[in-house]
Every structure is written in structure tokens, then in C-alpha cells.
Amino acid sequence: MATLPNPLPRLATLGLPLPPGRLVDETPDGPWHEPLLWYADRPASLGDWSALAAPAARAGLLPVLVDTEGVHGGGPESWALRPELMSYPGDHDAEEVLAEFWEEHQEVYEAEYEEGAPGPDWPGLASAGSPDAGPPDADPDVRAAEVADLVCDGGADAFHHPSLALVPARRSADIPAAIGWTGPLNHENDVARLCAVLRSWEDRFGIRVVALTPSDLLVSVAAPPATPAEAEAIAAEHLAFCPDAIWQTGPGDLVSYAKDLIGQRRWSFWWD
């Protein structure tokens with residue numbers, strides 16, 4: 001996977017206002033040749049994201065919250081990170097990835113979920129709002145800080161003990177692939193393909209990757225859908241991206257799921 005030079009080996013020299021923490025290079029096959037991320041030893045507090053995001057970005061590092069305890073047990077060093085499985089997100093086309101997932105899982109959708117099952121044809125990418133929708137609700141980085149504070153304040157069920165982490169990545173959408181995250185392993189081994197979709201959502205909806213557990217992904221959304229039609233188009237993308245978000249953790253049908261997306265400032269995904 002093509003990356004910028006990794007600043008983590010010289011983290012102590014970067015002058016960042018960091019609390020005590022640790023570098024993670026653990027994989028199931030032994031230590032990776034360089035650190036994959038750093039994370040703080042203490043739980044994240046309100047305002048931590050805002051205070052660190054800009055200076056970290058200037059040093060080539062991007063923030064993400066990682067769950068370190070709770071039902072999952074342990075921090076990212078116990079997540080079975082697999083960077084060797086990752087390609088480069090920029091080598092994949094988001095629409096091609098989603099269309100492939102749509103076709104691959106179509107028979108399962110129709111066989112197991114008759115009510116609200118999608119049609120046989122991939123509907124295409126959702127547009128980034130209607131022509132008269134106006135500007136995004138917020139600056140994407142400001143929205144990310146707001147959602148990060150929400151997670152730190154206990155407002156996201158999947159995150160029990162979030163700690164602030166730093167990842168060497170070109171853009172927020174690349175964070176899962178940059179650390180070799182294996183949360184969607186039953187859906188897709190090469191998470192860079194899903195990161196290509198996240199890149200597309202960055203461009204169209206101002207998303208940022210805000211928080212991760214071993215199987216959960218939370219993103220902030222600066223330009224959420226404002227109408228049912230916009231939301232239904234995005235819901236189809238979510239179905240291809242993460243079917244479990246609709247069928248298992250969600251309401252079980254696309255229409256109901258789409259209603260919940262209107263104005264929603266965060267999108268949550270979980271893979272079984």
C-alpha cells in the first residue's frame with residue numbers, strides 16, 4: 001500500500017502535546033516493520049480531538065478514536081491487524097466496488113429479506129445533495145470533532161472506552177487500511193476497497209472516520225441527506241458497503257433505514 005513516510009517512529013520529536021501512550025505494531029504474524037498507530041493510555045476527553053487534530057495533521061498524522069476495553073477487551077494491539085492484506089485505496093473505484101458487492105449479495109438479499117429487498121440492478125452512486133440543498137451543514141473537520149466529543153461523552157453505544165489514536169494516513173478515509181483493520185473480514189478482506197468508498201463519501205458528503213472497534217466503524221457526516229429520495233439513494237450504498245448495518249443492527253429494510261439517515265450527522269457500520 002502506497003503511503004507517505006511514517007512519522008510515528010519519530011513521534012517523540014514532533015512536538016505534539018500528547019499524553020502517555022503506546023505505539024502498536026502487533027499483527028498475528030509478529031511485529032510489522034513499522035508502527036501502525038499510536039494511542040493514548042487514558043480515555044479520551046471532550047476537546048481532545050479538537051486540540052490535537054490540526055497539529056497532528058501538519059505532522060502527517062490523522063486522529064481516530066479506538067475502543068480499548070469494554071466487550072471487545074484490549075486495545076488495537078489485540079485486534080488482529082493485517083496490513084499485509086491491504087492494497088491502496090486510490091487503486092479502486094468506489095462505484096465499481098459497490099456494484100460488485102451489490103451483485104455478489106443480491107441473491108442473499110432477496111432470499112432472506114423479502115420485504116424491502118433491493119432490486120436486481122445496482123442503482124448507481126447517490127448524488128451529493130439536490131441542486132438546491134445549499135452548503136454542507138458544517139465544515140467536515142468541525143463536524144468530526146463534534147462527533148468525537150459525542151463518542152467521548154458516551155453517546156455511541158459501541159464505544160465503551162474510547163482513546164485518541166494517531167494514524168499515518170493521507171486522508172481520513174484511508175485510516176482503516178493504513179492500520180490493517182480487519183473489522184469487515186467476513187465481507188471484504190482488503191479493506192482498502194471499502195476505503196475507496198469512504199473516499200467517495202468524503203468527497204460527496206464530507207465524512208470523516210471518527211472511531212473504530214474491532215468490528216465497528218463510525219464516521220461523521222458534514223452533508224447528510226435532507227430528503228427521502230437522497231436518503232434512499234445513500235441507503236442503497238450503505239447496503240452494499242455493510243449489509244449488517246441494515247439487516248442486523250438496523251431496522252431490517254431499506255425504507256426504514258433511509259428515514260433514519262435524513263439529517264443524521266454520523267453513520268455507524270458493524271460487520272458480523
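Contact here means heavy atoms within 4.5 Å of each other. By that criterion, in this predicted model, residues 24 or more positions apart account for 74% of the contacts with a separation of 6 or more. The protein has 272 residues, of which buried residues make up 50%, and its secondary structure comes to eight helices and seven strands.

The seven strands form an open sheet of mixed pairing, in which the order of the strands is 1-2-4-3-5-6-7. At the edges of this sheet lie strand 1, residues 21-24, and strand 7, residues 266-270, each of which pairs on one side only. From one strand to the next, the twist averages 30°.

Within the sheet, strand 3, formed by residues 62-67, is mostly covered, since six of its six residues are buried. The burial extends to both of its faces, with Leu62, Val64 and Val66 on one side and Pro63, Leu65 and Asp67 on the other. Strand 3 is joined by six bridges to strand 4, which comprises residues 162-167, and these two strands run antiparallel; in this pairing, Val64 of strand 3 stands opposite Ala165 in strand 4. Strand 3 is also joined to strand 5, in this case by two bridges and with the strands running parallel.

Besides the parallel pairing with strand 3, strand 5 pairs in the antiparallel sense with strand 6, residues 216-221, over five bridges. Strand 5 and strand 6 form a hairpin in which three residues lie between the two strands, and one of the facing positions in this pairing is that of Val209, which stands opposite Val219 in strand 6.

Among the helices, the packing of helix 6, residues 228-241, with helix 8, residues 254-261, was examined; the two meet at an angle of about 115°, and their axes are 8 Å apart. Angles of 65 to 115 degrees count as roughly perpendicular, and helix 6 and helix 8 are therefore roughly perpendicular to each other. The crossing in which helix 6 passes helix 8 is right-handed. On the side of helix 6, the residues that take part are Ala231, Glu232, Ile234, Ala235, Ala236, His238 and Leu239, and these meet Leu254, Tyr257, Ala258 and Leu261 in helix 8. Grouped by class, the contact between the two helices has nine nonpolar residues, one polar residue and one charged residue.

Two loop residues were also considered. Asp190 is placed in the loop between helix 4, residues 175-178, and helix 5, residues 191-205. Its relative accessibility is 13%, and because buried means under 20% relative accessible area, Asp190 counts as buried. When its neighbours within four places in sequence are left aside, Asp190 is in contact with Leu85, Met86, Ser87 and His92. For one of these residues, Met86, the separation along the chain from Asp190 is 104 residues, while the C-alpha atoms of the two are separated by 5.1 Å.

The backbone angle phi of Ala80 is near 55°, which is a positive value in a residue other than glycine. The relative accessible area of Ala80 is 38%, and Ala80 is therefore partly exposed, whereas Asp190 counts as buried.

Notes:
Residues numbered from 1 in each chain as written. Predicted model: local features only at pLDDT ≥ 70, side-chain atom pairs only at ≥ 80, totals over all residues. Heavy atoms only, no water. Axes fitted to C-alpha atoms, helices over the stretch in contact; angles between N-to-C directions. Helix = DSSP H or I, 4+ residues; strand = E, 2+ residues; numbered from the N terminus. Parallel < 35°, antiparallel > 145°, perpendicular 65-115°, else oblique. Left-handed = near helix turned anticlockwise from the far one by under 90°. Nonpolar A, V, L, I, M, F, W, Y, C, P; charged D, E, K, R; others polar. Pairing = 2+ DSSP bridges. Buried < 20%, exposed > 50% of the residue type's maximum accessible area, 1.4 Å probe, protein only.
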